Amino acid sequence: MDFSITAKDGSARVGSISTAHGDIQTPAFMPVATAGAVKALGMDDMEALHAQILMANTFHLHLKIGEQLVGAHGGLHGFSSWHRPFMTDSGGFQAFSLGFGMEHGVGKIASIFPDEVTGERREQGKAGGDEGEAHRADGGDQTHTIVLPPGPQRKRPEPKLARVTEEGVRFRSPFDGRWVLLTPEESMRIQHTLGADLILAFDECTSPLSDKDYTATAMRRTHRWAQQCLDAHHQALASGLAPDGQGLYGIVQGGAYEDLRRESAKAIVGMRTQNGIATDALKGKGMKEEGCSGGAGTMCVPPGFDGIAIGGSLGKSKQDMLAVLDWTIPLVPDELPRHLLGIGTVEDIFWSVSRGIDTFDCVMPTRIARSGHLLLHPRAGGTPRNKFRTSVKLARWKASTQPLDSHCGCQCCRHSMGFLRHLFMSKELLYYRLASIHNLTVILGLMSEIRDAISRGRLLELKTEWMG
RNA sequence: GUGGCUGUAGUGUAUUCCGGCAGCAUGUGGGACUGUGGAUCCUUUGGACCGGGUUCAAAUCCCGGCAGCCGCC
């Protein structure tokens with residue numbers, strides 16, 4: 001993959017990520033296609049929406065069907081018949097969120113503060129917080145067990161478990177209960193087989209409720225994993241086990257702690273493959289980045305990550321998240337594309353793009369669609385106050401003969417709100433499809449407006465139009 | 001025609017025997033949801049078939065209607 005910038009407006013930039021399956025104009029939003037399909041929508045829909053790239057999920061594809069079967073279809077592209085770019089998540093986040101975070105209702109940005117995890121993890125995290133290479137040989141002793149008591153309202157009686165060791169994450173599959181071990185090498189192998197255009201390093205996403213000691217321990221472990229991912233990836237590229245041109249993003253962690261975020265950004269940005277493979281495939285990048293003009297057969301600096309993703313806990317508020325971006329982005333060279341994992345409300349997109357983020361993936365538009373919320377363009381009444389959304393089930397829509405946004409032009413907005421509310425209340429399948437189309441129309445349309453505005457040097461005006 | 005059983009939120013039920021603040025589920029109305037969760041959570045609303053009697057007090061006991069179900073003629 002390759003990345004080039006074509007216009008800038010402040011720190012915001014318009015660029016293009018080129019992949020084997022086409023280019024992605026940035027800033028871009030990736031709809032999430034967890035199991036290879038965007039829920040409720042078809043590939044024709046995604047093309048009509050002008051989606052440029054989809055985010056699929058290693059965790060689900062690995063556990064539900066298995067990467068071998070996907071590979072036998074010719075990878076994600078052949079399997080799903082989506083012939084534009086794909087990105088895959090590493091599976092690390094889900095190992096925690098599906099077995100951990102969701103039990104407490106804690107997302108990437110904490111808004112509530114339930115009881116923290118039990119003391120066992122804390123004590124061990126503290127005891128192991130100072131190691132480096134020393135523990136790699138006996139990772140078994142470096143076990144962090146995260147045990148979650150069932151919440152007061154939970155019907156499920158058994159606490160969930162996620163065990164983190166130097167080796168990787170061991171957890172119970174939420175689908176069939178079996179024990180699964182995910183490691184950096186395994187995540188890379190799975191993602192190579194799935195064959196997405198852009199893949200992510202395997203990382204540990206800590207909770208916003210984790211203390212600094214544990215966040216630091218997890219971050220440094222994630223850095224060691226990142227090195228393993230980078231090495232495994234270049235080995236696979238060289239041996240042909242990974243698709244040509246497949247790009248690997250490193251992930252910056254460090255929670256909401258400034259020194260940790262800076263440490264992480266420097267580590268990930270500066271990381272270079274150590275596997276010593278000097279092939280033609282590797283030469284170009286190393287020479288270009290470091291301005292080396294060595295002759296054939298010589299390699300000055302081995303390649304690092306193709307892009308940088310910002311992940312993990314983004315703090316306890318929007319301000320915390322913006323601070324994380326302000327600490328991290330200046331340490332990422334302009335030449336690398338920057339992805340912000342899991343973020344994607346209208347406000348977040350504006351704040352992040354203006355700080356130099358290039359790509360987003362987020363379940364928000366499609367998930368809230370299915371639970372009855374429709375996004376509002378400013379011309380249809382969207383404001384930060386209403387979070388640019390309305391609820392389709394509000395009683396006031398019951399008798400409405402008007403569409404949500406008569407200027408929208410999407411399939412959903414050809415129908416009256418009264419009809420849409422009826423579909424939702426009746427749990428008609430058509431509702432999920434129409435609502436998902438509408439919400440993606442709004443978000444992908446916003447990205448298009450943003451690219452256009454940056455090119456014209458009027459991002460601030462556009463932001464004012466939307467945010468007031 | 002006759003005997004028995006049953007009538008409790010929009011729906012399904014608990015409490016009835018032995019009278020003492022009518023509970024639960026679902027639905028309705030409002031809210032939450034950020035590397036997926038058609039899930040889930042919070043909150044609000046809403047009820048003793050009708051009429052009479054006994055009692056300090058009736059969903060509960062008694063009488064009469066009405067309705068439904070089952071059996072018999």
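Modeller: Two strands pair here if DSSP finds at least two bridges between them. Helices (H or I, at least four residues) and strands (E, at least two) are DSSP runs, numbered from the N terminus. This is a predicted model, in which local features need pLDDT of at least 70 and side-chain atom pairs count only at pLDDT 80 or more, while totals for chains, interfaces and linings use all residues. Residues are numbered from 1 along each chain as its sequence is written, and chains are lettered from A and ligands numbered from 1 in the order in which they are written.

Start with the parallel sheet. Nine strands build an open sheet, ordered β4-β16-β15-β14-β13-β12-β7-β6-β5, with parallel pairing. Its edge strands are β4 (28-30) and β5 (32-33), and each of them pairs on one side only. β5 pairs in the parallel sense with β6 (residues 54-57), over two bridges. V32 has M55 of β6 as its bridge partner. Helix α9 (residues 258-270) packs on this sheet and touches β13 (247-252) and β14 (307-310). Contact means that the C-beta atoms of two residues, placed from the backbone, lie within 7 Å. The direction of α9 makes about 160° with that of β13. Axes are lines fitted to C-alpha atoms, for helices over the stretch in contact, and angles run from 0 to 180 degrees between N-to-C directions.

V32, C205, G342, V363 and T366 come nearest to RNA strand B, out of 47 residues around it. A residue is near a strand or molecule if its C-beta atom, placed from the backbone, lies within 6 Å of it. Three helices, α5 (92-104), α13 (364-370) and α15 (429-455), each supply at least two residues of this surface. α5 has the largest share, six residues. By class, the surface near RNA strand B has 21 nonpolar, 17 polar and nine charged residues. Ala, Val, Leu, Ile, Met, Phe, Trp, Tyr, Cys and Pro count as nonpolar, Asp, Glu, Lys and Arg as charged, and the others, Gly among them, as polar.

Now the antiparallel sheet. Three strands form an open sheet in the order β1-β2-β3, with antiparallel pairing. β1 (2-9) and β3 (22-26) are at the edges with a single partner strand each, so one side of each has no neighbour in the sheet. Direction ignored, neighbouring strands here are turned by 15° against each other on average. β2 (residues 12-19) pairs with β3 over five bridges, in the antiparallel sense. I17 stands opposite I24 of β3.

α15 lies across β1, β2 and β3 and runs at about 120° to β2. The axes of α15 and α16 (residues 459-467) come within 7 Å and cross at roughly 145°. E449, I450, A453 and I454 of α15 meet L459, E461 and L462 of α16. That contact has five nonpolar, no polar and two charged residues.

Last, the domains. Chain A is assigned domain 1 (2-361) and domain 2 (368-467); such bounds come from an automatic or database domain assignment. Their contact takes 27 residues from domain 1 and 23 residues from domain 2. On the side of domain 1 that touches domain 2, β1, β2, β4 and α12 (346-353) each supply at least two residues. α12 gives the most to that side, five residues. The residues of that side divide into 16 nonpolar, six polar and five charged.
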